Amino acid sequence: MTPSQVSADGVLPVHTQLAALIEKKQAVIGVIGLGYVGLPLVRAFTAAGFRCLGFDVDQAKVDKLKAGQSYIKHIDSSAMAQLIREKKFEPTADTTRLSEADCIIICVPTPLNSSRDPDLSYIEGTARSIARSLRRGQLVVLESTTHPTTTRTSVLPVLEATGLKCGTDYFLAFSPEREDPGNPHFQAANIPKVVGGFDERSSELACSVYSHAVVKVIRVSSMEVAEACKILENTYRAVNIALVNELKVLYDKLGIDVWEVIDAAKTKPFGFQAFYPGPGLGGHCIPIDPFYLSWLARQHGEQTRFIELAGEINTHMPEYVVNRLAEFLNQQRKPINGSRIAILGVAYKKDIDDPRESPSFELLKILGARGAVLSYNDPHVPVLPRMRHYPDLPAMTSQEFTADYLAAQDCVVIATDHSSYDYEFIVQHATLVLDTRNATKNVTRGRDKIRKA
Ligand SMILES: NC(=O)c1ccc[n+]([C@@H]2O[C@H](COP(=O)([O-])OP(=O)(O)OC[C@H]3O[C@@H](n4cnc5c(N)ncnc54)[C@H](O)[C@@H]3O)[C@@H](O)[C@H]2O)c1
């Protein structure tokens, strides 16, 4: 211990105390928002030997977790139950207990509001909850995806209003989540993590705590760089997906299969990364986060043309799919109106149960408006959830995936390429299959029934 680390009264400064707690894995980790990001983080920290307190405003989720049930399919309930039994993880809705946590990690939603501007109300509300019990020696890290400057302008002032000083009394950082739900190869613990702190001490403490739980920590010079890094990653995906979606439309007109083109292009060992077209963008990140940056750009009199254009192309995809479907049905002398159409997959991507922003909802909406007789099957989504933007969709439950069900449809639309689907079986029994994901690539029999869009 150097003399500068000990104050005149012999008490260690709070950052040194917190560093020691982290080093000994005695720091309590408080995770706010027990969703698709928060729960995997709890898993990573508990696996590293830390005790976690989990906070969520949704009492029903807290009760489920307390009963040892994970409400997210790819997060194993028995492992959660064991963590709770062993008191390594305690979920609660009581935010007054935030003072018990040494490191507080915020994983709350960051949606867009009705005018497609950032809705920071969850982050701001959480900051206020933390401020109510903020104490010396706490580290606060924001993980929710947001535009650069949010931590400094929406979290810091709320915490400073307590009279405590950032960098001396408490510590603040931003570290973006890179969760890829359902990806069997990458989970919180083996995904490198970018960390940017308010100051030197905040950066050190945040890097230190994450370094116990994740494979690699990349320290950047500021919270803003860390925030901007996440938006770059998501914008990169949105723009590249838009590019292949646009090429899909053109190549299709030219009679060229875009998926075959991409498979050929990705044999280039450098300078090309494969992205795949689909029926539209889905999920909580890619369709939303880039627009946080667009909003910020507007505040500075700048534009984000790539983001706007990508948004336009990707948003148009469900309409394109329906128009292609209309053409294929037309070839069979059938109108959409009155045709029985089954959507296979309403989760936004394969093998998960998350329907947020899924293009399947837009497909259902457009097809419903054109008079189709709709149904769906999704092994991961037994009941069609009510979605804010789709209040008029009828209540639906996932239909049994049988030969009779498939055969009874005028067209089966593969909207999500879940691995559990037997694509040979689908093509064998359906009259017409519209494949938006190239999921039937390896189907050998009945290929004349398959159309792509
Ligand atoms: N899902 C992903 O794959 C993913 C990946 C990377 C980043 N992100 C980002 O991470 C953040 C969280 O996303 P998510 O998918 O985990 O969302 P989620 O909706 O699954 O979980 C968020 C949880 O926060 C809770 N919550 C809301 N307000 C709260 C409050 N004031 N206090 C406590 N709990 C509160 C909600 O009840 C919910 O359980 C978002 O910013 C998102 O963009 C998500």
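Is Glu-357 buried, exposed or partly exposed? I found it partly exposed, because its relative accessibility is 32% (buried is under 20% relative accessible area, exposed over 50%, partly exposed in between, with a 1.4 Å probe and protein chains only).

I noted that this is a predicted model, where local features need pLDDT of at least 70, side-chain atom pairs count only at pLDDT 80 or more, and totals for chains, interfaces and linings use all residues. Residues are numbered from 1 along each chain as its sequence is written, and side-chain values use heavy atoms, leaving out hydrogens and water.

I placed Glu-357 in the loop between strand E9 (340-344) and helix H12 (359-369) (helices are DSSP runs of H or I, at least four residues, and strands runs of E, at least two, numbered from the N terminus). Its phi is near 60°, a positive value in a residue other than glycine.

I then checked Arg-116, in the loop between strand E4 (103-106) and helix H5 (121-133). Phi of Arg-116 is also near 60°. Arg-116 counts as partly exposed because its relative accessible area is 44%.

I next looked up Ile-256, which sits in the loop between helix H8 (223-253) and helix H9 (258-265). Ile-256 is partly exposed, at 36% relative accessibility.

Last, I asked which helix gives the most to the lining of the second largest pocket (an open set of points on a 1 Å grid over the protein atoms alone, where a 1.4 Å probe fits, with protein on both sides within 12 Å along at least five of seven lines; lining residues have an atom within 4 Å of a point). I found H8, with 6 residues.
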